[in-house]
Amino acid sequence: MSLTDRPRRVLAALVREYIASGEPVPSSILVGTAGLGVSSATVRSIVAQLEHEGFLQQPHTSAGRIPTDRGYRFYVDLLLESKRSARTASAVEARLRRDGAGSLVDSVVSQASGQVGFAIRPAHEAAVFDRVEFIPLSSTRVLVVIVARGGHVLQKAIDIGEQLTADELREAANYLNSELSGIPLHRARQVVLERMNQERLLYDVLMARAMRLASSTFTNLPDEQELYVEGAASLLATAHELNISMLQRLLAMIDEKQRLVRLLNEYIDGPGLTVVIGAEHPDPSLRPFSLVASTYDDGMGIGTIGVIGPTRMRYSRAITVVDGAAQAVSRVLRDPN
């Protein structure tokens, strides 16, 4: 439902005041903060209208009003219409270039917004092969170390069923590095299978050995997206707003990282910024919280960066920080120089 100018300004002023104070907002305060230049009676009438339409609620008969999730949503949509994050993006980009893009970007968000910050790296399916190393563990067991572009490392131990010297393993790795470098990991699996089907491999012992090793290497690679979380302790500062069971449910979900990743992926249906508020969460355990997230593109896949906090979060700052950080991460990862 759209609101005319006066109700819109009163609602925005009330949400800002409640976020700042945490206390129900009386109409008398809004007479000045809404900047309408109208009487107290007019403001009271507008507040009553907003409450009737579900944007506000009165927790106690004698108290002022607080926003409902619908009121927060309207306020956030106003912010999204006019969001400006260029300055934040530049500051975060400078920090990432100074400290290295491998630093935890979720920590940057958490420190800047005072919420729980998180970052989801693109799935391994989007990773690009850089090099592989084979390290002998025992007579037939080998530790495989796969390094993807950007410095991401995967490790797995395999049993190759034959005994190979360190030199033979190094030769096989050198061959694979020359053949597969720059190929997405999921495509590298296909390339290996195609090469193994070529009869000429039967006449080249090195190539055949390398492809057998590669076949074991790229089988059953994990393809879960990795979730990094920082700032969970900041939830303790909101303990007066959230009961212990609410905090425990969110912390449990953070511990079950893949569950949280799946849930977050349901929200992200396209590039850009996403804000999910309270009752909009399909998972009841998240309804005391709001989420602000934005996608970033590292040139190989799409990741996500964002914050989770109580519905009474500073949305303006969270949106600015998250959107700016996502832009900065995209630029740094796509052009690290």
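These legends go with several close-up views of the structure above.

This is a predicted model, in which local features need pLDDT of at least 70 and side-chain atom pairs count only at pLDDT 80 or more, while totals for chains, interfaces and linings use all residues. Residues are numbered from 1 along each chain as its sequence is written, and side-chain values use heavy atoms, with hydrogens and water left out.

View 1. Helices (H or I, at least four residues) and strands (E, at least two) are DSSP runs, numbered from the N terminus. Of the 337 residues, 47% are buried; buried means under 20% relative accessible area, exposed means over 50%, and partly exposed is in between (1.4 Å probe, protein chains only). Take the contacts with a separation of 6 or more: 62% of them join residues 24 or more positions apart. Contact here means heavy atoms within 4.5 Å.

**View 2. Val153 in strand E6.** The strand covers residues 153–159. Set aside the neighbours within four places in sequence, and Val153 touches Val145, Ile146 and Val147. Val132 sits 21 residues away along the chain, and its C-alpha atom is 9.6 Å from that of Val153. Is Val153 buried or partly exposed? Val153 counts as partly exposed because its relative accessibility is 40%.

**View 3. Arg9 and Asp5, a salt bridge inside helix H1.** A salt bridge is a side-chain nitrogen of Lys or Arg within 4 Å of a carboxyl oxygen of Asp or Glu, and the structure holds seven of them. In this one, N and O are 3.1 Å apart. Both residues lie in helix H1 (residues 5–21), four residues apart, or about one turn of the helix. Arg9 has a relative accessible area of 33%, so it's partly exposed, and Asp5, at 44%, is partly exposed too.

**View 4. Glu51 and Arg65, joined by a salt bridge of 2.9 Å, N to O.** This pair links distant parts of the chain, 14 residues apart: Glu51 is in helix H3 (residues 40–52), while Arg65 is in the loop between strand E1 (56–57) and strand E2 (66–67). Glu51 is partly exposed because its relative accessibility is 27%, but Arg65, at 18%, is buried.

**View 5. Asp167 and Arg170, a salt bridge in helix H7.** Asp167 has 46% relative accessibility, so it counts as partly exposed; Arg170 is partly exposed at 45%. Elsewhere, salt bridges that share partners join Arg73, Asp77 and Glu280 into one network.
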